[in-house]
Amino acid sequence: MKNKVLILDFGSQYTKLISRRVRELKIYSEIMPFNVSIEKIKNFQPGAIILSGGPSSVYGKNSPKIESGVLKLGIPILGICYGLQLIAYFFNMKVEPTKKREYGLANLEIIRTSKLLKNIKNNSKIWMSHGDKISQYPKDFIVTGKTKNTEISVIESNKRNVFGVQFHPEVAHTQEGEKIIYNFLFEISNLKPDWNMEDFIKSSILKIRKSIGTQKIILGLSGGVDSTVLALLLKKSIGNQLIPVFIDTGLLRKNEHKDLMNKFRNQLNLNVYGIDASKIFLKNLKKIRSPEKKRKIIGKTFIDIFKTVERKTGKINFFAQGTLYTDVIESSSVSGPSAKIKSHHNVGGLPENIEWKLIEPFKELFKDEVREVGRELGLSEIFINRHPFPGPGLAVRIIGEVTEDKVKKLQSADEILIEELNNFKIYNKVWQAFVVLLPVKSVGVMGDARTYENVAVIRMVESIDGMTADWYPAPYDFLKKVANRIVNEVKGINRVAYDLTSKPPGTIEWE
Ligand code: XMP
């Protein structure tokens, strides 16, 4: 067995959080859909398995199940919420709907100490979210924890190496949650904490050298932290065989291309090919309104332009992308019964028939882990803390058709927002902040004249990995200043609104 954890996903909104918590404890973890074959599980060689929560009921028609053999592999298993009920189902315990769905905080009473609840304070707060519960004392398991409403909240079987909790140890509301996961990984599964970014870098360099050999690899820089860190990693691995390209799509922030070209060359010592393709992107986007179509067209245009570089550099064999774990999850629904949200440019927006072989060294990392890799590689905090910027750029922040005029308007409004974020020292407090331009006009009055112009929306969110996000409660004086400046300084915008939508149910970008 290897020092890593497999998380089987039954559709809980918290599944990715489980993965993060495990990695925070320095154990590598991966999420797979609940119905992955037992062969694949064996090949992965996990040192422990966690069954996530999920919205279903184990007795429900078509409820997600695993092959029963998974529970008999001898690998330590922890079931969380639905995962616990699934264990109960397989070991013939009775599971019944609760009278009232239990949602929110409860106190965990420890009935007897155990490996799973070792060093846990009695009566600590836990987060419950379930409609079913185990309603009969199990035979081969001991019950170690209960709450006022849920008599059987924690079950354990040392003999079978199977454990389960009705609540969610992975969420921050569960006070002792990290300790419970710690106990499962280290006291029960005997794993050794070894997942760190230094080792990740070392092993990635070896892998990259092995795959690329003496051939060339092209990398599109976006100015965001992922592709910048990737450029440093590739350069360290294979030196000048890396061909870094920074395309001006015309859809970047104001002056971004010039500023960043300087920084890449002078601060990071990267010999970047700069290409101005703004006219081509605008032309290709003409009359296009659908967000998904925009993404696909932009993805294809990127590749067409990258191809022109090959004429100057000679044969290129590989294509690098800073795809993150979260991109993979959101774009292709690798993990269970969740829907595809967006074709992120990093993954789904690219045409299928690229001749180059794709290399994605960060495919297993979360954004904060990439930032950690950047720090290890000596990247300055200015780069590390830059807000994420989507590959399709301002095209997905101009709702409806993209035109040069709209891009200019948005760039000017966006520049004001960023300036004031820095003036008010808010830039580093938020995950992302930007302006969206709506194809909606509203009436206003300026001086003594009537205006009839566009509406702009300020979007600011806090997040840890972009998978979930909360709108940021920005100070009123800051909002007042930004709104005032936009309306006064940007011709064509006469009204500013603030977006109060979290993710879910919204997404961060508007398209
Ligand atoms: P959403 O809008 O899906 O965004 O909640 C989550 C994070 O991903 C970024 N994003 C993209 N990044 N290509 C990218 O490279 C894309 O097409 C794309 N769409 C969204 C977004 O800015 C946020 O950080």
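Predicted model: local features only at pLDDT ≥ 70, side-chain atom pairs only at ≥ 80, totals over all residues.

Colleague: OK, on to charges. How many salt bridges does the structure hold?

Modeller: There are 27 salt bridges in the structure. One of them pairs R20 with D368, with 2.8 Å between the closest N and O atoms. That pair links distant parts of the chain, since R20 sits in helix α1 (residues 15–24) and D368 in helix α11 (residues 367–376), 348 residues apart.

Colleague: Is R20 buried or exposed? And what about D368?

Modeller: R20 has 7% relative accessibility, so it counts as buried. D368 is at 29%, so that one counts as partly exposed.

Colleague: What about the rest of α1, how much of that helix is buried?

Modeller: Eight of the 10 residues of α1 are buried, so the helix is largely enclosed by the rest of the structure. The buried ones are T15, K16, I18, S19, R20, R21, V22 and R23.

Colleague: And what does the backbone do just after α1?

Modeller: K26 takes a positive phi there, about 70 degrees.

Colleague: Back to salt bridges. Which residue does E355 pair with?

Modeller: E355 forms a salt bridge with K307, and their closest N and O atoms are 3.6 Å apart. E355 is in the loop between α10 (325–332) and β14 (357–359), while K307 is in helix α9 (residues 291–313), so the pair ties together parts that are 48 residues apart in sequence. E355 is exposed, with a relative accessible area of 66%, and K307 counts as partly exposed at 23% relative accessibility.

Colleague: Which residues are linked in a network of salt bridges?

Modeller: E419, E420, K481, R485 and E489 are linked that way.

Colleague: Let's switch to T150. Where does that residue lie?

Modeller: T150 is in the loop between β7 (142–146) and β8 (154–157). T150 counts as buried because its relative accessibility is 1%.

Colleague: Which side chain does T150 make a polar contact with?

Modeller: With E102, at 2.8 Å. If you skip neighbours within four places in sequence, T150 is in contact with E102, M128, H130, K133 and Q166.

Colleague: Last topic, hydrophobics. How many residues are in the largest nonpolar core?

Modeller: The largest nonpolar core has 120 residues, and L8 and M460 have the most contacts inside it. Helix α6 (residues 225–238) supplies the largest share of this core, eight residues.

Colleague: What is M460 in contact with?

Modeller: Beyond neighbours within four places in sequence, the contacts of M460 include L417, L421, I426, V430, W471, Y472, F478 and Y498. Q432 and D470 are also among them.

Colleague: And which residues does the second core include?

Modeller: That separate core has 33 residues, including I80, L191, Y325 and F366.

Definitions and conventions
Residues numbered from 1 in each chain as written. Heavy atoms only, no water. Salt bridge = Lys/Arg side-chain N within 4 Å of Asp/Glu carboxyl O. Helix = DSSP H or I, 4+ residues; strand = E, 2+ residues; numbered from the N terminus. Buried < 20%, exposed > 50% of the residue type's maximum accessible area, 1.4 Å probe, protein only. Polar contact = N/O pair within 3.5 Å; in protein donor to acceptor, adjacent residues only side chain to side chain. Contact = heavy atoms within 4.5 Å. Core = buried A, V, L, I, M, F, W, Y, C linked by side-chain atoms within 4.5 Å.
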